[in-house]
Amino acid sequence: MVTSMTLQPPLIRTAAPHSHNPAAVEPSKIVIRDVNVFYGAKQALDSVSIDIPGRSVTAFIGPSGCGKSTFLRCINRMNDTIPGCRVEGAIEIDGADVNDKTVDPVVLRAKVGMVFQKPNPFPKSIFENVAYGPRIHGIASSKSELEGIVEASLKKAGLWAEVSDRLNAPGTSLSGGQQQRLVIARAIAVNPEIILMDEPCSALDPIATARIEELIDDLRQQFCIVIVTHSMAQAARVSQRTAFFHMGRLIEAGPTEEIFTNPRESRTQDYITGRIG
Amino acid sequence: MTILIALALLAAFSASVYMLSRRRAVALAEGRSASLHSLPGYHGTWVALWAGVPAALIIILFAIFGARIEDSALRAQVPAAVAELPAERQEVFWSDASAIARGQTPSEISYQGPIGEALAAKTAEARRLSVIGLVSVLALSGVLALCGVLLAYPRLSKDFRARNRVEGWTGVLLIACSTLAVLTTVGILGSLIWESMRFFQSVSPADFLFGTSWDPQIAMRSDQVAAKGAFGAVPLFVGTFLIMLIAMTVAAPVGLFSAIYLSEYAGPGTRATIKPLLEILAGVPTVVYGFFAALTVGPSFRAFFNWVGAMLVEGPMDPLGQYLMTVQNQMALTAGVVMGIMLIPFVSSLSDDIINAVPQTLRDGSYAMGATKSETVKRVILPAALPGVAGALMLAVSRAIGETMIVTMAAGLQAKLTANPLDTVTTVTVQIVTLLTGDQEFDSPKTLAAFGLGLTLFTVTLALNIVALGFVRKYREQYD
Amino acid sequence: MTDAAATRLKKRHAAETRFRMYGRVAIIVALSFLVLLLGRIGMQGYSTFTTHTLSLPVYLDPARIDRTYLEGSNYDSLVAQALLKQLGETDDESYTVSGQVMDLISRDLGFQILNRIKADPALIGRTITVTGPVKADADLYYKGQLKRSTDQADRKLNDRQLAWLDRLKKSGAVTGGFNVGFFTHGDSTEPEQAGILGAIVGSAMMLLVTALIAVPMGVLAAVWLEEFAPKNRWTDVIEVNINNLAAVPSIVYGLLGLAVFINWFGAPRGAPLTGGMVLALMALPTVIIATRSALKAVPPSIREAALGVGASRTQTVFHHVLPQAMPGVMTGTILSLAHALGETAPLLMIGMIAFNPGLPESFTGSASVLPVQVFIWENASERAFHERTAAAIVVLLVFMIAMNAAAVILRRRFERRW
């Protein structure tokens with residue numbers, strides 16, 4: 001259990017004061033070396049290595065099928081749930097390999113939250129959706145504490161004002177954008193350190209998208225956020241660092257500004273200017 | 001036989017009409033087949049349909065209803081000697097007259113004197129009627145076939161829309177076939193309601209539905225004192241319910257957990273082996289389950305309970321021991337358990353479909369929160385699938401209620417009002433089989449009671465099915 | 001990690017393991033039921049596939065055969081005498097010994113003699129060898145199911161008869177072998193002569209009627225509903241109606257057959273035609289449902305392509321869509337026919353429960369079918385019939401598995417991914 005000890009989130013976190021300067025990059029939260037992913041005989045990712053800093057937003061961009069979502073799912077071992085999927089290489093969070101035998105994916109996923117492409121609230125009430133994580137992980141010891149966590153999470157996700165009077169309404173009754181913020185609140189409720197977002201705005205209208213983007217910008221004060229997006233504009237708006245994937249390989253990674261204004265690789269240039277896609 | 005020959009002749013006639021009309025269409029085209037509106041084959045088919053179909057319909061209708069019409073014509077005049085006979089004997093007389101006329105074996109009753117003469121006369125009349133009927137129908141169909149050709153053939157022309165006409169016929173045929181399914185329902189409802197009405201003339205519906213004594217055997221003969229018999233169906237309902245409950249106690253957990261394991265835990269390899277094996281269990285005919293219940297499960301259960309009883313006798317639980325010693329092969333438990341086995345694959349495959357219909361995004365959402373598989377199943381998948389699973393279980397209940405062979409072979413015939421699974425009980429379906437497989441007059445209350453039971457069974461299963469299918473359909477639409 | 005969190009995690013994983021175990025147990029329970037069911041029936045039935053036959057030289061004593069009325073002579077006693085001679089026993093005055101000998105051999109031997117004399121009366125006065133099955137009880141003794149250790153009063157054969165059987169086996173007069181008769185005879189009141197062929201032929205005839213009605217009608221109905229029907233209240237009614245018909249208990253179809261086909265239309269009782277019609281109505285909804293889902297699986301692009309080159313809707317459906325859907329239609333059809341093959345309850349309702357020796361003669365005559373034969377034999381009191389019931393089940397299951405396998409192969413072979 002020694003290795004997994006380092007993976008445990010502190011049970012109660014207080015928001016620590018930190019720098020607002022995006023250029024001041026924190027030490028690497030996630031360190032990834034030579035990751036290969038196979039679906040059966042097909043190789044989906046080819047020796048990807050990248051460092052992802054904490055308390056900032058890192059965007060993965062690239063054309064469809066380039067492996068960016070697959071890569072994202074390696075970080076919280078969601079690929080375990082796909083039959084025939086095999087992951088090789090080292091993925092370390094705070095220095096501990098997530099694929100280590102002693103690491104319990106259940107504990108790992110409590111520390112690494114995830115938001116999916118399509119909002120997927122459970123067919124339960126709004127309250128129960130947010131309370132789900134704290135309940136299964138036993139975070140709240142009393143009903144009032146649980147209510148406090150739900151309220152705090154909904155507030156952080158910017159949804160509290162809209163739903164505070166109808167917490168018992170089904171989560172599926174909300175609009176698409178609200179559902180996505182509900183899902184984000186659900187992820188926040190267990191105090192993760194990292195939040196993975198897999199094209200979180202692709203199913204939303206522009207106004208809802210703008211709200212989510214604002215939210216992401218707020219959340220970066222507290223969480224390490226990794227976002228997969230196929231909108232380069234979105235990557236430019238929300239992220240501090242950007243990584244470009246193409247054909248299962250990581251082509252280039254660096255500060256967002258640099259990638260968009262002065263990429264080193266010609267393929268990145270081609271993609272950004274719309275020549276490949 | 002004559003009818004088959006007539007139909008064959010008609011088919012041959014239609015075929016030649018087809019050839020003729022097709023040739024005519026080719027001639028109309030004057031070598032440029034594109035100048036025809038429709039292909040020559042359609043012209044041929046259209047005329048052939050008019051030649052063959054109306055005539056064939058007449059012949060087939062005659063084959064189905066002819067005997068009945070002849071029969072009622074025969075009975076229009078009742079000879080004086082026959083009128084004196086009691087009603088059942090009159091029936092026998094008429095069926096004997098028709099049987100002799102058709103060259104079949106009549107009943108063993110010998111007819112002498114005036115009634116013998118009446119029989120001879122009626123037999124001759126029956127023969128005459130059947131000849132008249134056959135000849136007139138054949139003549140009518142011949143006329144129809146000719147008229148069909150004479151009316152249709154002259155209409156062939158270059159611009160005649162033969163294909164559209166043939167497709168019109170096809171449409172009618174398709175609609176007729178679809179209507180058959182509706183007719184089946186009408187037939188089921190009609191016959192059940194009609195015969196039940198006749199039953200309820202002698203036994204009041206309230207006595208039937210709420211009476212607690214079932215003993216139809218008394219009503220076998222009309223001259224007996226207690227001719228009314230006892231037709232209180234409550235013991236049958238209780239027996240049916242008891243066996244269904246036992247069956248669901250076996251099938252629901254095993255079937256549901258199998259489905260959960262197969263859809264959430266098993267790898268593709270395991271799934272590919274186990275699913276077909278369970279399908280074998282589903283394909284086994286119910287009579288085989290009945291055999292298994294009667295000759296394997298029943299005796300072993302009895303042996304087991306008798307053994308337990310022998311252990312308990314003369315101990316502190318002596319009365320229970322004494323009771324267990326007397327347990328018989330035919331008990332509710334045997335039939336219920338075997339029926340439960342039969343329903344396992346039914347429950348598991350339905351639930352499997354339903355669990356698989358829960359979108360993967362919900363699973364992903366739960367796993368991404370750090371839930372274990374069992375937490376995901378219990379807290380997300382099952383609540384989401386609940387209406388569907390409830391529907392599946394209701395369909396299984398409906399199957400259990402309507403299942404016949406297992407209970408007929410393993411449950412017993414005694415109508416007891418009991419909730420003891422070790423006791424012999426009987427069910428609605430068992431009683432239907434028992435009432436109808438003996439040699440009785442069809443119109444006795446005893447046989448009609450079977451239709452009363454059938455109507456009850458149909459109503460209950462139909463209600464269950466409609467509700468269950470509604471649940472399942474709504475559930476599917478939710479995730480489509 | 002705090003202790004409380006660690007304990008909680010442990011509990012959660014224990015719950016997970018337990019839950020997974022419940023699933024495993026459920027699968028194991030279901031599969032062991034399958035093994036138990038098939039194993040038990042196989043064990044009970046396999047011994048029927050072998051039997052013991054007796055070859056016996058019989059002297060056709062002219063003094064005991066009435067040449068003017070061959071059917072009137074007692075050939076069983078001729079056989080009994082011949083057997084007594086073979087065993088070196090003599091009959092007593094009250095014929096108890098010959099009576100006991102007769103308990104060992106089938107009446108079939110006597111019938112064989114009669115038939116051979118009828119064919120060739122010159123045989124009278126000569127010695128001929130006849131070969132036929134031993135009586136069912138004797139066969140059970142040879143197979144070890146009737147044990148010498150059982151008390152004499154509790155078994156059908158006494159010690160003396162068992163000693164005779166041992167001697168016959170030793171002398172080579174009785175030989176064991178494949179039970180040909182079981183597959184070449186119809187039903188009989190004597191278990192050793194009862195065979196399954198009558199029921200197989202009856203089932204085949206009935207299934208033919210079912211297929212000829214249910215398949216074309218079901219397919220055409222499905223074509224209309226899926227390809228032509230407008231979406232209105234009437235088609236909704238048909239739709240709901242078909243789904244519900246598929247779930248109506250089979251015995252209700254039997255009541256329908258009895259009330260409508262037999263009492264109304266005067267269809268013959270217990271005939272393959274009537275049974276086939278009832279089962280056709282029962283199979284119709286499943287054929288329709290299977291066909292509709294096969295039609296649904298044909299992509300719209302096929303329809304658009306056909307309509308695009310100027311085919312009419314009818315031509316599109318019958319030239320392109322239906323042929324593409326055919327493998328699916330066939331698979332569904334075979335499965336529902338296999339189901340009909342195993343159906344029993346509705347057939348009991350329409351009087352298909354009579355004893356039918358020999359083979360069915362016509363579609364309108366009385367006949368037996370496999371599942372009903374199983375039911376009839378299961379009800380018989382003789383133990384030898386129970387053995388035959390299990391064997392009949394084995395035959396029935398072989399047919400059903402063959403049909404299901406055919407459906408699976410068809411599906412695999414023609415499975416197409418669009």
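Modeller: Between chains B and C, the contact takes 71 residues from chain B and 68 residues from chain C; two residues are in contact if their C-beta atoms, placed from the backbone, lie within 7 Å. This is a predicted model, in which local features need pLDDT of at least 70 and side-chain atom pairs count only at pLDDT 80 or more, while totals for chains, interfaces and linings use all residues. Residues are numbered from 1 along each chain as its sequence is written, and chains are lettered from A and ligands numbered from 1 in the order in which they are written.

Colleague: Which helix gives the most to the side of chain B that touches chain C?

Modeller: Helix H6 of chain B, residues 162–202, gives the most, with 19 residues. Helices (H or I, at least four residues) and strands (E, at least two) are DSSP runs, numbered from the N terminus.

Colleague: And what is that side like by class?

Modeller: It has 45 nonpolar, 21 polar and five charged residues. Ala, Val, Leu, Ile, Met, Phe, Trp, Tyr, Cys and Pro count as nonpolar, Asp, Glu, Lys and Arg as charged, and the others, Gly among them, as polar.

Colleague: How many residues of chain B are in contact with chain A?

Modeller: 17 residues of chain B are in contact with 22 residues of chain A. On the side of chain B that touches chain A, helix H13 (360–368) and helix H14 (373–402) of chain B each supply at least two residues. H13(B) gives the most there, with six residues. By class, that side of chain B divides into nine nonpolar, five polar and three charged residues.

Colleague: Turning to chain C, what is the strand order in the open sheet of three strands?

Modeller: The order is S2-S1-S3 (chain C), with antiparallel pairing; two strands pair if DSSP finds at least two bridges between them.

Colleague: Which strands stand at the edges?

Modeller: Strand S2 (127–133) and strand S3 (174–178) of chain C do, each with a single partner strand, so one side of each is left without a neighbour in the sheet.

Colleague: How many bridges join S1 to S2 in chain C?

Modeller: Seven bridges join strand S1 (residues 50–59) of chain C to S2(C). Leu54(C), for instance, has Gly132(C) in S2(C) as its bridge partner.

Colleague: What packs on the sheet?

Modeller: Helix H4 (residues 108–119) of chain C does, touching S1 and S2 of chain C, and its direction makes about 140° with that of S2(C). Axes are lines fitted to C-alpha atoms, for helices over the stretch in contact, and angles run from 0 to 180 degrees between N-to-C directions.
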